[in-house]
Amino acid sequence: MPRVRMKVDGITYDDEVEPRLLLAHYLRDRLGQVGTPIGCDTSNCGSCIVHLGGHSVKSCSVLTVQADGAEITTIQGLAQNGRLHPVQRAFADSHALQCGYCTPGMIMAAVDLLAENPSPSADEVRHGLEGNLCRCTGYQNIVKAVQAAAAELGAPTVPAATQEVPA
Amino acid sequence: MIPAAFDYVRAGTVDEAVAALVEAGDDAKVLAGGQSLLPLLRLRLAYPSVVIDIGRVPELRGVREDGAAVVIGAMTTHHEVLHDPLIRQHCGLVAEATASVADPAVRHRGTFGGALAHADPAGDLPAVALALDAEMVVQGPGGRRTVPAAEFFVDYLTSALAPDEVLVEVRLPKLAGPWGYRYEKFQRVAQAWAIVGVAAAVRRDNGSIGEARIGLTNMGTTPIRARATEAALAGVAAQEGAVAAAAEHAAEEAEPSSDLNAQADYREHLARVLTRRAVLAAAG
Amino acid sequence: MTEQLDAGMVAQQIAESDQLNAPAGRRQIGRSRKRKEDAKLITGQTTWTDNITFPGMLHMALLRSPMAHARITRVDVTAAREQPGVIAAFTGAELANELGSLPCAWPVTPDMVAPEHHPLAVDEVRYVGDAVAVVVARDRYGAIDALEAIEVDYEPLPAVVDMEEALKDEVLVHAGKGTNRCYVWPFEGGDYEAAKAKADVVLSRRYIQQRLIPTAMEPRAVVVAPIAAAEEFTIYSTTQIPHILRIMLAMTTGIPEHKIRVVAPDVGGGFGSKLNVYAEEVLGLIVAKRLGRPIKWTESRSEGYQATTHGRDQIQDIEIAATRDGRVLGLSVDLKADMGAYLQLLTSGVPILGAFMFPAIYKFEAYKFVCTGVFTTKTPTDAYRGAGRPEATYAIERIITDLAVQLGMDPMDLRRKNWIRHEEFPFATIAGLTYDTGNYEAATDKAMALFGYDELRREQAQRRERGDRMQLGIGISTFTEMCGVAPSRLLGSLSYGAGGWEAASIRMLPTGKVEVVTGTSPHGQGHVTCWSQIAADVLGVPFEDIEVVYGDTKAAPQGMDTYGSRSLVVGGVAVHVAAGKVIEKAKRVAAHLLEAAEGDIEFSGGTFSVRGSPEASTTIQDVALATFASHNFPEGMEPTLNCDAVIDPDNFSFPHGTHLCAVEVDTETGFVKIRSYVCVDDVGSVINPMIVEGQVHGGLAQGIAQALYEEAIYDAEGNLVTGSMVDYLVPSAVDLPEFVTDRTETPATSNPLGVKGVGEAGTIASTPAVVSAVIDAVRHFGVEEIRMPCTPERVWRAINEGGTGGERAAAGSIAWGGASTASTAGGEPVADTGPNTAPAAAGDGQTGGAQ
């Protein structure tokens, strides 16, 4: 069985995994990082989005073996030094969540969006989040939250992509 | 929901990938970005015995210039394509169509080569590759060969790749002169596949259309090159009426299907309308 | 290493940005307090059911029928049992006795056909997705693999997916029942035939309510943790109804109720699709009981599309009778409602919930309703956001607009002419309801101004004159709905299986903190925040000092759960009443502590004081501690401040609103884009404006999605063709507009808070506003009807080919001057005048005919 080694939310893990093990299941079932949910089986909903090598990816559509050597950040690792990320705080401020199931993926996608486009228009936010489905909010407050976070984040001092994983 | 079990080989070079394919016989799948393959595996629509991961083969990545062509490594992600200055400069149509593929997270993993090798006529990039007369550089046990786009898309989800071949890179001839382009994608919702898409590149010639290249998405079992329309457009004034008349040919060489998303006649109608719109936009 | 985040830090950081953080004593109700629920949700510190694990837990997977209708002649799980990691496998026959029959809690008529419903099919499968066998394995991958080793022989039977086909009773879904007709439920108010006879105009329409898939973002899951030796079971489930589920599991399986604990942990949305007693819940319980091990089951999305209840699916034949000057007289509704293959918990009653709302806000003299429930070989339907009321609102708002068009009247003017005027409340409707309060004029005036109605009509006219490719359409929906579900006695009269009350318990802790135990079961609606606001205002304690306990039958044993926009109206009111009782008790203690007469004690802002001696005071926190210590305590009083309240509502509540939608239609392709959506809703008094607005947004999204995007499609063989999110189009942020929302506040008189529900309002209102707008945009092409969802292709076909743009046409016919032969004052036909009158509409058989 292939061995993988990866850093998830700051902790390095070493494991033997089946090739078919989806990264989302590795995170949830093997590592106990259950903060990242799974919402569909066709790569539509985006609930499972994490950052891999500094970019948002749908963890249900990545094999664990593909993530070997990678650095991964999940919703559980987003806050730094005990402080919420501005996007997290903006979501709470703007009522950008109701049941909260899509929220981890939505926040991770939004963080990535702002890294790429630090000052998005409402339209650009909507397009940037088109890979994330929400059934509760109607998206309006999510757009508001992302733009509020953009304002707070200010100039593009975005975290550069960390270790770029080839796959 | 989850794939059936398979063996896994991680190739370090193209040669290794080819060798693994040879060993696996008919029963292997090549894993590039996985954004087309993984959904198939998860829904158990495919049961490969071995998956060969080419994600860490350095020679498959990157975009470079090679004389009169821009060469895109097969493992170049959609995201990389969107940000590459060479592609923006010489193959703007590729960038525009790529921007409409799926969503940002999928574009971070999905690859240019993977999308082409998957040969889904409803995908956005095959029609673009066809319109731009791309050349696919393919490697098998016997070495490398070049397959023109017109021969690459053989049937629904079937490319000209033999079971023991890997798509290495795609050569896009640089278009000389003042070219404009547009990818018109008609979809019901943002996440949906194109009901019909039209990729148009137009060489502008003083208010007329010097030359047009048109590829159609989801108008058949393969992407379609609308050659009759291209012929009808040559020399035509870049105006609504004239272009519309030429665009009437758009569906001629196509055999669109009727399915859940659209009936054939509606697709044909859209092809005509979107061809007119795409050409007018490309013609400036 | 990422520093671990603790909940306290997170909650504090949210509170830091909560500008309205107010000292105890300042009114909380009416403020947009940031949600207490959010701290864990934005950091992934959640407890979704699939997150839960137990030592020795096994994974369950179900084999589901790929056929819509078949006899099962053989099920062989022997090979599956041999698969690696498999602990057990069972067939439906093996478990039949223990599993029982899944309950339907609503026998709407005494002769309702209620077929047996095996959680695992035994002899016959009746829809694609009907479960046939179960595998239990050490891990989820192994369980799914093992399914492929199960052998099943099916003898195909014909499928029936069309209701009118099913009503012919040629292909029976339940052969033993002899019919596909589940029930016929009639209702009448006034004399419709008489009203019709004297009418100048009688308009009839057929509308199709397409089948929908609720698609809550969290797939369903169940975890059962048994204590085998004690025969006790804890069921964790993605359910909206932990209390009802507990009772039903006991009644279905025979396991004693007091040995069952049901927990709804964090639940990711429900919208009615988690308001059920599901096969997997019963199965999980029985398998856990058999094996003595914890069991988990989690659906995949595509599996859920087959196995989780669907919504809507009605054929509506509506007839409206009116005078030539636009006064409505009578309304007749003939519904066929698709039950699917079986009756789930409320399947039969969902259409009945809408029965009383077709007359809506209009003063009809007569109303006739009949609903026929029909079995088909499809996934069972059940409640979906609005449950019967969106269907009703759609029909009435569509036909009122169609009537206006027919009469050449502005559709808003027609509404004004017929709605209940503000001064006429309370109003007894022809459907037997009494609307307590409302102000349609105020909401409408506000909405029309925000929308710019007159300017948009002018623009519409200009575009039409120019023959622009992009045409503009305007749609209106002036809705009301009945929520809070209902008074229990009324539910009883409808044969609904449960009551309508809700419970709350307030516990004052010794240190002055408060536990509010509620019987509601929130899954995104913000009850924790809102109940905290309500309790804080009555008790005078800080918002932050309140903990709301819910969703666990052990911790919150009494309740009727969450659905039907009932929670605030009944549950929130229960919190309010219970808190008031606490103050009554606390007053007695305070009087004792302050050595004053109880009648002289005043309470304000958390402090008890003696009237006339303000320095003699004590706080509620002090009273709580004193009660705990009981050293200095009133003689004969039990040393507790804890109080319960169980509230049974007197009446439904009736929120209302005016929704206006402007769409742009690309007449070349049929593509529809919403240009503007404005709504002014009246939900009575508002506890938390931010949460109300969020509920409206979410409701709008789903209602618009029904109008434009979503449809669960079955082919003739009964296969669910829209079997995944690839094909069933749930909108993303790109596909929805920005909403302009506002409110009026006309408090309810049926409860002390004056509140009305809001959860379903946006969905109920929006669908007809959007569809009307689309039709309005292309009416001048002779289009009378477009079937939902208004896909580009349907719109294009309607423009170019006439008809309805769909396979089943909406038959439109107009009868003139007394449709029945027994007409008395037939009058003269209404002249075909006015710019909005469809040119070729009147009975020439071209448009809207049953092609």
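Begin by selecting B:R277, which is buried, with a relative accessible area of 16%. The model on display is predicted, with scores of ipTM 0.97 and pTM 0.94.

The side chains of B:R277 and C:E668 form a salt bridge, at 2.7 Å from N to O. This pair crosses between chains: B:R277 sits in helix α12 of chain B, and C:E668 in the loop between β26 and β27 of chain C. C:E668 is itself buried, with a relative accessible area of 18%.

Keep C:E668 in view and select B:R276. A salt bridge links C:E668 to B:R276, with the closest N and O atoms 2.5 Å apart. Because C:E668 lies in the loop between β26 (656-666) and β27 (672-682) of chain C, and B:R276 in helix α12 (residues 264-283) of chain B, the pair joins two chains. Both C:E668 and B:R276 are buried.

Return to B:R277 and select C:D666. Their side chains also meet in a salt bridge, at 2.9 Å from N to O. Across the interface of chain C and chain B, 6 salt bridges are found.

Now display the whole interface. Here 29 residues of chain C are in contact with 25 residues of chain B. The two chains bury about 2,300 Å² between them, with 59% of it on carbon and sulfur atoms. Select C:E668, C:L729 and C:E793: they supply 21% of the area that chain C buries against chain B, more than any other three residues.

The count of residue pairs in polar contact between chain C and chain B is 14, with both residues at pLDDT 80 or more. To see which elements of chain C take part, select α5 (140-147) and α22 (792-801), the elements that give two or more residues to the side touching chain B. The largest share, 5 residues, comes from α22(C). By class, that side of chain C has 13 nonpolar, 6 polar and 10 charged residues.

C:R220 lies in the loop between β8 (201-212) and β9 (221-227), and C:E280 in helix α9 (residues 279-291), so the pair ties together parts that are 60 residues apart in sequence. Both residues are buried.

Finally, colour chain C by pLDDT. Its mean is 92, and 92% of its residues reach 70 or more. Over residues 808-851 of chain C, however, the pLDDT is below 50.

How values were computed: Residues are numbered from 1 along each chain as its sequence is written. Chains are lettered from A and ligands numbered from 1 in the order in which they are written. Side-chain values use heavy atoms; hydrogens and water are left out. Contact means heavy atoms within 4.5 Å. Buried area is the accessible area (1.4 Å probe) that two parts lose on being put together, summed over both. A salt bridge is a side-chain nitrogen of Lys or Arg within 4 Å of a carboxyl oxygen of Asp or Glu. A polar contact is a pair of N or O atoms within 3.5 Å; within protein, one must be able to donate a hydrogen and the other to accept it, and residues adjacent in sequence count only if both atoms are side-chain atoms. Helices (H or I, at least four residues) and strands (E, at least two) are DSSP runs, numbered from the N terminus. Ala, Val, Leu, Ile, Met, Phe, Trp, Tyr, Cys and Pro count as nonpolar, Asp, Glu, Lys and Arg as charged, and the others, Gly among them, as polar. pLDDT is the predictor's confidence in each residue, from 0 to 100. Buried means under 20% relative accessible area, exposed over 50%, partly exposed in between (1.4 Å probe, protein chains only).
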